[in-house]
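Colleague: I would like to learn how to read a model of this kind, feature by feature. Please give the general idea and then the case at hand.

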Amino acid sequence: MTSDKIIHAATASLGDVPERTPVGIARRIASRQEFWITLAVFAMGLIVSIITPHFATYTNLSNVLQNFCYIGILAIGMTPILITGGIDISVGAIMGLCGVALGLLLQADWPLWAGLPATLLLGVALGAINGGFIAYLRLPPFLVTLGMLSVARSMALIVSSGRVVYSFGQSEKAIFALGGGKTFGVPNVVYAMIASALVLHFLLTMTRWGRYVSAIGGNQRAARLTGIPVRPIKVSVYMFGGLMAAITSVFLVGWLGSVTNALGQGDELRVIAGTVIGGASLAGGYGTAYGAVIGSLLIEELRNALLLAGVNPFWQGTFIGGFIILAIILQKIQVTEEED
Amino acid sequence: MGEAEGGSLIRLENISKAFGAIQALTHISVGIDRGEVVGLMGDNGAGKSTLVKILAGNYRPTEGSYFIENRPVSFANPAEARSSGIEVVYQDLALCNNLTAAANVFLGREIMRRVGVFRVLDHAGMAVRAGALFRELQSETRPRDLVNRMSGGQRQAVAIARTRLAEAKLILMDEPTAAISVRQVAQVLALIRRLKDQGHSVILISHRMPDVFTTCDRVIVLRRGRKVADKPVASSSPEEVTGLITGAIDYGE
């Protein structure tokens with residue numbers, strides 16, 4: 001009897017207030033970074049449309065929409081990697097190499113239905129190599145992907161002999177239509193991004209794989225002790241990232257109409273920025289599909305806003321860097337609040 | 001001191017374990033019955049961890065036999081031991097802070113449901129079942145709460161609910177009350193008593209004399225890899241056990 005009283009008194013807390021009230025739900029949403037970034041996207045849009053009339057035009061907005069999709073898809077691929085506590089700074093280089101490979105295959109007159117799967121396979125394979133070194137040899141993700149970054153960039157130079165690919169054989173029309181075309185007035189890449197986001201959201205919230213990815217990020221040792229196959233799952237997140245990079249390369253090549261071996265250079269930083277701003281934790285354990293999308297959107301909107309406002313493009317890096325730091329501070333504040 | 005008493009559930013006979021030149025355990029015989037709570041005490045290096053790891057399947061004994069319900073067993077890894085009903089609650093609880101209580105309870109054993117062609121996580125089902133487990137343990141832990149917001153006692157409830165889910169025969173607990181507050185210690189000991197009421201056997205590694213004497217039926221003391229005492233708590237005393245641990249007393253009668 002006495003011990004029961006102790007339990008009740010000891011665990012009575014504010015947290016016992018039911019969470020299902022409207023206030024409770026509102027409080028939970030407001031505590032999420034994704035919510036604040038969504039607000040920021042709208043706020044920034046509002047402010048910029050006041051400053052310049054060129055922002056809220058159909059042309060400009062659809063440009064922003066299209067441009068952010070490439071980083072968005074890459075960010076979707078990066079998210080499970082971050083959740084497991086890893087990172088992949090080679091994602092831009094993988095995308096570049098896949099783009100070069102696709103260009104060369106099509107130039108060699110491969111049909112699209114063969115070239116596409118080959119490209120996707122390449123992305124998955126490169127991701128698997130990253131994952132293998134990280135999960136099985138237990139090497140630090142940053143360093144492994146740094147190595148892959150270097151190797152992939154060099155491979156792109158080698159296979160393309162440093163030349164630009166601009167003719168795509170029999171599949172030229174097809175690839176341009178796929179990557180640069182629209183369906184029902186919306187650029188195809190937008191559909192790809194939405195589909196990828198939905199797939200990731202489903203995987204993360206409804207499958208065992210998604211739960212195990214989160215568990216590995218939260219406490220890898222605990223995950224292993226409960227019998228979760230930690231190493232294969234870690235390899236799979238890098239394969240997922242590689243696949244997303246390959247998908248992005250397909251749409252980007254189709255849209256650009258030509259492939260240089262510099263494709264994707266520097267994108268890795270924008271991708272990481274997008275995922276972090278969207279709420280993913282670099283320490284692992286947290287990340288959402290929606291966050292990847294909204295964070296990437298914010299960055300692209302910021303770039304667009306700066307351009308329209310006439311700000312010297314050289315300042316872009318400073319603004320984006322500032323936003324990243326702001327987002328991390330926001331995350332830190334939230335974490336500290338939770339610990340209290 | 002070589003005979004095992006009782007041991008209808010778990011029996012170790014003449015277990016020895018050597019790591020190269022180091023003899024960690026020598027001729028240990030232990031018997032555990034259903035619903036017994038046994039305290040395992042001894043100084044650092046006495047062999048408590050090694051004994052528990054052998055029971056849990058992390059190590060194979062160098063010599064000796066291991067019986068579960070009178071069947072001889074030999075485990076290659078902890079997963080095999082788990083499937084035979086041996087569960088471990090680690091000192092740091094091995095919980096994922098970023099997941100909910102229900103998610104942690106079901107980690108590795110998720111309940112799935114069908115949606116069309118897909119098999120998806122049954123969040124509602126797991127929350128309901130986890131909630132029932134917590135209520136059985138008389139803990140106020142809420143299944144949908146994140147573990148990182150929980151008190152030590154609530155986290156213990158989550159770790160212990162995992163063993164209930166597994167319908168464990170034997171639960172090995174490594175210093176469960178070591179790093180938590182006084183109030184939470186009472187909660188944890190109550191949880192252990194609840195486990196006993198529900199028919200589980202528990203081996204409790206602990207340095208804390210009061211916990212062992214209030215919660216355990218029996219106490220086993222190891223010293224330098226040998227068993228120097230195995231007796232009901234009622235026929236011993238904290239002073240005697242301390243003496244056995246340090247070596248002031250050679251053997252407990």
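This is a predicted model: local features need pLDDT of at least 70, side-chain atom pairs count only at pLDDT 80 or more; totals for chains, interfaces and linings use all residues.

Colleague: What does the secondary structure of chain A come to?

Modeller: Helices (H or I, at least four residues) and strands (E, at least two) are DSSP runs, numbered from the N terminus. Chain A has 15 helices and two strands.

Colleague: How does the radius of gyration of chain A stand against the globule rule?

Modeller: The radius is taken over C-alpha atoms, and the rule is 2.2 Å times the number of residues to the power 0.38. For the 340 residues of chain A the rule gives 20 Å and the model has 22 Å, which is close, so chain A is as compact as a globular protein of that length. Its C-alpha trace spans about 80 × 55 × 35 Å along the principal axes.

Colleague: What percentage of chain A counts as buried?

Modeller: A residue is buried if 20 or more other C-beta atoms, placed from the backbone, lie within 10 Å of its own, exposed if 12 or fewer, and partly exposed in between. In chain A, 47% of the 340 residues are buried.

Colleague: How many residues of chain A are in contact with chain B?

Modeller: Contact means that two C-beta atoms, placed from the backbone, lie within 7 Å. On that basis 26 residues of chain A meet 26 residues of chain B. On the chain A side, α1 (2-11), α10 (208-218) and α11 (220-225) each supply at least two residues.

Colleague: Which residues touch the most other members of the largest nonpolar core?

Modeller: Such a core is a set of buried Ala, Val, Leu, Ile, Met, Phe, Trp, Tyr and Cys residues joined through C-beta atoms within 7 Å. The largest one has 166 residues, and A:L74, B:A130, B:L204 and B:V221 touch the most other members. Helix α12 (residues 230-256) of chain A gives the largest share, 16 residues. Leaving out residues up to four places away in sequence, B:L204 touches several residues, including B:V37, B:L40, B:M173 and B:I192.

Colleague: How many bridges join β1 of chain B to β4 of chain B?

Modeller: Two strands pair if DSSP finds at least two bridges between them. Here β1 (residues 10-19) and β4 (residues 63-68) of chain B run antiparallel with five bridges, and B:I10 stands opposite B:I68. β1(B) also pairs with β2 (residues 22-32) of chain B, antiparallel over seven bridges. That hairpin has two residues between the strands, and B:G20 takes a positive phi near 65°.

Colleague: What is the phi of A:S161, and is A:S161 buried or exposed?

Modeller: Most residues other than glycine have a negative phi. A:S161 has a positive one, near 50°. A:S161 sits in the loop between α7 (141-160) and α8 (172-180) of chain A and is exposed, with 8 other C-beta atoms within 10 Å. B:A94, not a glycine, also has a positive phi of about 50°. B:A94 lies in the loop between β6 (86-89) and α3 (101-105) of chain B and is partly exposed, with 19 other C-beta atoms within 10 Å.

How values were computed
Residues are numbered from 1 along each chain as its sequence is written. Chains are lettered from A and ligands numbered from 1 in the order in which they are written.
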